[in-house]
Amino acid sequence: MKYFTAEQYRKMQIRGFLVFHEGEEDYAADKQWYVENDRDYEAESLAFYTYMEPVITRHMPQELQEAIQRGEGDLKRMGMPSPEFRRKAEAWKQKLQREWDEARDAYWARYKSIESELPEERSMIHRLHDAKIIAERISEDGKSIELLLDGSGSMLGHDHLYLQFEEVTHYESLSSLLDNHWLYEELDVSGSGFELRALLDAGSGLQDMNELLIRASRVTVATEPAVDLSSSNGQSD
């Protein structure tokens, strides 16, 4: 990925995680809601922090991490952060947002400059967020790639989405595509065809995300699969 990188995505997940209670009253009300809904506030807060801890340790400024160690900022949600920690955390969150906005604006500027050279299906590809890849098939010569997605959670809203790439000149992914959730994509020109780059949630945590790259001459997008790929188990024919 050139714009919506895995690193940028991880940082934005930390930004979303750094949401603080407005005050003690709000904090108490939140905990009471968990009690009323038969949920364990402390256990869920600790589990969420444990999930986020590796990327927090990797990306959060040392100054904030040291403040956490001093007890000024409790990210396990067991207490209220100090006003100074909250101020510094909010400033860092704004910086992260600016970085993401700059990457987004740079991509869309590039996209607009080449839009007429991209496949007509570009608008549908840009609405695949949260679709799940449930099958893939690569032809024996590697020149055709077919993906079947569950699009019920995507912006397209279709139960099944079928993508077929033809005259493929390059294909790579960091790991298997099966059960990956589509996050962000980038379209670009490549020779006489186009290039698709996609950032995927592989389902194994923020540390192990997947990236897909396909260069091809054509792509078709249909709302129903043209063939049954469910028996392919992601293997090439």
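## Exercises on burial, packing and backbone

Leu-196 counts as buried, with a relative accessibility of 0%; buried means under 20% relative accessible area, exposed over 50%, and partly exposed in between (1.4 Å probe, protein chains only). The model is predicted: local features need pLDDT of at least 70, side-chain atom pairs count only at pLDDT 80 or more, and totals for chains, interfaces and linings use all residues. Residues are numbered from 1 along each chain as its sequence is written, and side-chain values use heavy atoms, with hydrogens and water left out.

**Exercise 1. Locate Leu-196 and list the residues that it touches.**

Step 1. Leu-196 belongs to strand E6. Helices (H or I, at least four residues) and strands (E, at least two) are DSSP runs, numbered from the N terminus.

Step 2. Contact means heavy atoms within 4.5 Å. When residues up to four places away in sequence are not counted, Leu-196 touches Ile-125, Phe-165, Trp-182, Glu-185, Glu-186, Leu-187, Leu-212, Leu-213 and Ile-214.

**Exercise 2. Describe the overall layout of the chain.**

Step 1. Six helices and eight strands make up the elements of the chain. Their order from the N terminus on is α-α-α-α-α-α-β-β-β-β-β-β-β-β.

Step 2. Along the principal axes, the C-alpha atoms fill a box of roughly 60 × 40 × 25 Å.

Step 3. Of the 237 residues, 41% count as buried. Among contacts with a separation of 6 or more, 65% come from residues 24 or more positions apart.

**Exercise 3. Which residues of the largest nonpolar core touch the most other members?**

Step 1. A nonpolar core is a set of buried Ala, Val, Leu, Ile, Met, Phe, Trp, Tyr and Cys residues joined through side-chain atoms within 4.5 Å. In soluble globular proteins, nonpolar side chains tend to be buried together.

Step 2. The largest such core holds 56 residues, and Leu-75, Phe-165 and Trp-182 touch the most other members. Helix H5 (residues 83-114) supplies the largest share of this core, eight residues.

Step 3. Leaving aside neighbours within four places in sequence, the contacts of Leu-75 are Phe-17, Leu-18, Phe-20, Tyr-49, Ile-56, Met-60, Ile-68 and Phe-85.

**Exercise 4. Characterise the packing of H1 on H3 and of H4 on H5.**

Step 1. Two packed helices are described by the angle between their axes and the distance between the axes. Axes are lines fitted to C-alpha atoms, for helices over the stretch in contact, and angles run from 0 to 180 degrees between N-to-C directions. Angles under 35 degrees count as roughly parallel, over 145 as roughly antiparallel, 65 to 115 as roughly perpendicular and the rest as oblique.

Step 2. Helix H1 (residues 6-17) and helix H3 (residues 41-59) have axes that come within 10 Å and cross at roughly 125°, and H1 and H3 are therefore oblique to each other. Their crossing is left-handed; a crossing is left-handed if the near helix is turned anticlockwise from the far one by less than a right angle, and right-handed if clockwise.

Step 3. From H1, the residues Glu-7, Arg-10, Lys-11, Gln-13, Ile-14 and Phe-17 meet Phe-48, Tyr-49, Met-52, Val-55, Ile-56, Arg-58 and His-59 of H3. This contact comprises seven nonpolar, two polar and four charged residues. Ala, Val, Leu, Ile, Met, Phe, Trp, Tyr, Cys and Pro count as nonpolar, Asp, Glu, Lys and Arg as charged, and the others, Gly among them, as polar.

Step 4. For helix H4 (residues 62-69) and H5, the axes come within 11 Å and cross at roughly 150°. H4 and H5 are therefore roughly antiparallel to each other, and the crossing is left-handed. Glu-63, Leu-64, Ala-67 and Ile-68 of H4 make the contact with Phe-85, Lys-88, Ala-89 and Trp-92 of H5. By class, the contact of H4 with H5 has six nonpolar, no polar and two charged residues.

**Exercise 5. Where do Asp-130 and Asp-179 lie, and what is phi for each?**

Step 1. Most residues other than glycine have a negative phi, and most peptide bonds are trans.

Step 2. Asp-130 has a positive phi near 75°. Asp-130 sits in the loop between helix H6 (122-125) and strand E1 (132-138) and is partly exposed, with a relative accessible area of 36%.

Step 3. Asp-179 also has a positive phi, near 70°. Asp-179 occupies the loop between strand E4 (170-173) and strand E5 (181-190) and counts as partly exposed at 45% relative accessibility.
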